[in-house]
Amino acid sequence: MPLRERARAVLEAPRFQQAVIAIILVNAATLGLETSEVAVERYGTALTVIDHAALYVFVAELLAKVYVYRSRFFADPWNLFDTSIVTISLLPVASGLSVLRALRILRALRLISVVPSLRRVVTALLNAVPGMTSIVLLLGLVLYVAAVMGAKLYHDTAPDYFGDLPTSLFTLFQMMTGDGWSDITREVMDEHPAAWIFFVAFMLVCTFVVLNLFIAVVVRAMEDEHAEQSAEAAAQEALTVRETNEAVLAELTALRAEIRELRDRVPVTPAGR
């Protein structure tokens, strides 16, 4: 077997993928331990060695993939994703560039490209982005209308929440997430008892309608992704069965030809002699 084929077999082996996952998890744990001063003081050298060893393994894996897949390596977006993360980790880290040190934890995101189930979820989310455009526009329109109404109605009552349009937008966005919306509503209701109608209607429209539309779009995208994966698996299985049947038929044809050739070589003895 050629060296490239042997390298491909190693890269695509389940045990190798499991080893990469284990290294990613260990590296993520060591990066988390580096946030503890006690852990760094006691095991700083060991944590640094593990961190560098994991990085070298990731670089070797990428180089092996480039060697095996050649130009096809760059056609896979997940390979480009892994390359960008490892490249960020290879950037020189000076004492003043704490941001680059913090970005090393991005290596944990490589689990997305290594674990097939996570990869399918992310692919489904990306496929759902076009369908979310109209929902985002609808949500922005609802927020803008409600923010203008809130600034007009409750400017004097709660200037900290509805003093101007940007403040009102931020307050309503905070309420949409469910953070302290009842406290804001009660404060306004002390001066405007009927204000609950405005806030409850806003919460119903945003939380129970618009956000559920987001969920519906994402679920639909995940179902489509699952159906596509199932169709690809079925097509691959059918192709494998067809190739197997063709191989069997070829073997049968060759056997028939050999039998016919042997029959022609055997002399026919007349009966009765």
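Analyst: Start with burial. A residue is called buried when its relative accessible area is under 20%. By that rule Asp51 and Arg107 are both buried. Note that this is a predicted model.

User: What makes Asp51 and Arg107 a salt bridge?

Analyst: The cut-off is 4 Å between a side-chain nitrogen of Lys or Arg and a carboxyl oxygen of Asp or Glu. The closest N and O atoms of Asp51 and Arg107 are 2.7 Å apart, so the pair qualifies. Asp51 lies in helix H3 and Arg107 in the loop between helix H5 and helix H6, so the bridge ties together parts 56 residues apart in sequence.

User: Why is Arg110 called buried?

Analyst: Its relative accessibility is 0%, so Arg110 counts as buried under the 20% limit. Glu61, at 4%, counts as buried too.

User: How do you know that Arg110 and Glu61 form a salt bridge, and what parts does the pair tie together?

Analyst: The closest N and O atoms of Arg110 and Glu61 are 3.0 Å apart. The limit is 4 Å, so the label holds. Arg110 lies in helix H6 and Glu61 in helix H3, so the pair ties together parts 49 residues apart in sequence. Salt bridges with shared partners join Glu61, Lys65, Asp82 and Arg110 into one network.

User: What separates Lys65 and Glu61?

Analyst: About one helical turn, because they are four residues apart in helix H3.

User: What puts Arg110 over the face of Phe58?

Analyst: Part of the test is distance: CZ of Arg must be within 6 Å of the ring centre. Arg110 is at 4.9 Å from the ring centre of Phe58. The charged end of Arg4 sits over the ring of Tyr67, at 4.5 Å from its centre.

User: Why is the aromatic pair of Phe73 and Phe74 called edge-to-face?

Analyst: Two values decide. The centres lie 5.1 Å apart, and the pairing limit is 6.5 Å. Phe73 has 1% relative accessibility, so Phe73 counts as buried.

User: Which elements give two or more residues to the largest nonpolar core?

Analyst: That core has 25 residues, with Phe162, Leu172, Phe199 and Phe202 having the most contacts inside it. The contributing elements are helices H7, H9, H10 and H11. H11 gives the most, with 10 residues.

Definitions and conventions: Residues are numbered from 1 along each chain as its sequence is written. This is a predicted model: local features need pLDDT of at least 70, side-chain atom pairs count only at pLDDT 80 or more; totals for chains, interfaces and linings use all residues. Side-chain values use heavy atoms; hydrogens and water are left out. A nonpolar core is a set of buried Ala, Val, Leu, Ile, Met, Phe, Trp, Tyr and Cys residues joined through side-chain atoms within 4.5 Å. Buried means under 20% relative accessible area, exposed over 50%, partly exposed in between (1.4 Å probe, protein chains only). Rings of Phe, Tyr and Trp (its six-membered ring) pair if their centres lie within 6.5 Å; planes under 30 degrees apart count as stacked, over 60 as edge-to-face and the rest as tilted. A charge sits over a ring if NZ of Lys or CZ of Arg is within 6 Å of the ring centre and within 35 degrees of the ring normal.
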